[in-house]
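Here is a short report for a reader new to this structure. Take a look at the model before reading on.

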Amino acid sequence: MNDQITWADFEKVEIRTGTITAAEAFPQARKPAYKLTIDFGELGIKRTSAQLTKLYQLDQLVGKQVVAVVNFPPKQIATFMSECLVLGAVADDGTVTLLQTERLTQNGLRIA
């Protein structure tokens, strides 16, 4: 097990629900990835890149509700500025399976 965190540490992480509104190829990325635009409701629209190319086609992503960390500072990835981090389960071979809520929720709800 890694180092333990406190409840206060966990509360600092803003994990929210959002719906993917656009997905496009990202050929400039070092590892195969897509550019995603995600609607987080009252928190607004954020963009990110995600290494989802093994399990998901672009047309399968639009409309999916996902969970993401929204309070990281923006990060430059190749020619793109990432504003959040979509969460997924990462297999040993790097395959990412998106984390989703059990049913649709309002965009922007906090995961706790």
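## Gln-106

Where is the place of Gln-106? Gln-106 sits in the segment after β9 (96-98). Strands (E, at least two residues) and helices (H or I, at least four) are DSSP runs, numbered from the N terminus.

Gln-106 is exposed, at 53% relative accessible area. Exposed means over 50%, buried under 20%, and partly exposed in between (1.4 Å probe, protein chains only). Gln-106 touches Thr-17 and Gln-65, leaving aside residues up to four places away in sequence. A contact means heavy atoms within 4.5 Å. Gln-65 is 41 residues from Gln-106 along the chain, and their C-alpha atoms are separated by 9.5 Å.

## The model

This is a predicted model with residues numbered from 1 along each chain as its sequence is written. Local features need pLDDT of at least 70 and side-chain atom pairs pLDDT 80 or more, while totals for chains, interfaces and linings use all residues; side-chain values use heavy atoms, without hydrogens and water.

## The annotated span

An unreviewed UniProt entry carries the annotation "domain: TRNA-binding" for residues 9-112. Its positions follow the numbering used here, its feature names are shortened, and such annotations may be inferred rather than shown by experiment. Residues 9-112 are 8% helix and 40% strand. The end C-alpha atoms of this span lie 13 Å apart.

## A hairpin and a loop

Strands β2 (residues 34-39) and β3 (residues 45-50) run antiparallel, joined by 6 bridges. Two strands pair if DSSP finds at least two bridges between them. Leu-36 stands opposite Thr-48 in β3. β2 and β3 form a hairpin with 5 residues between them. Gly-41, in the turn, has a positive phi of about 65 degrees.

Ala-78 lies in the loop between β5 and β6 (80-82). Its phi is also positive, near 55 degrees, in a residue other than glycine. Ala-78 is partly exposed, at 43% relative accessibility.

## The largest pocket

The largest pocket holds about 620 Å³ of space. Of its 26 lining residues, Ser-49, Gln-51, Lys-75, Ile-77 and Leu-85 are the closest to its centre. A pocket is an open set of points on a 1 Å grid over the protein atoms alone, where a 1.4 Å probe fits, with protein on both sides within 12 Å along at least five of seven lines; lining residues have an atom within 4 Å of a point. The volume is the space filled by probe spheres set on the points, which are joined across faces, edges and corners.

β3 gives the most to this lining, with 3 residues. Strands that each supply at least two residues include β5 (75-77), β7 (85-86) and β8 (88-90).
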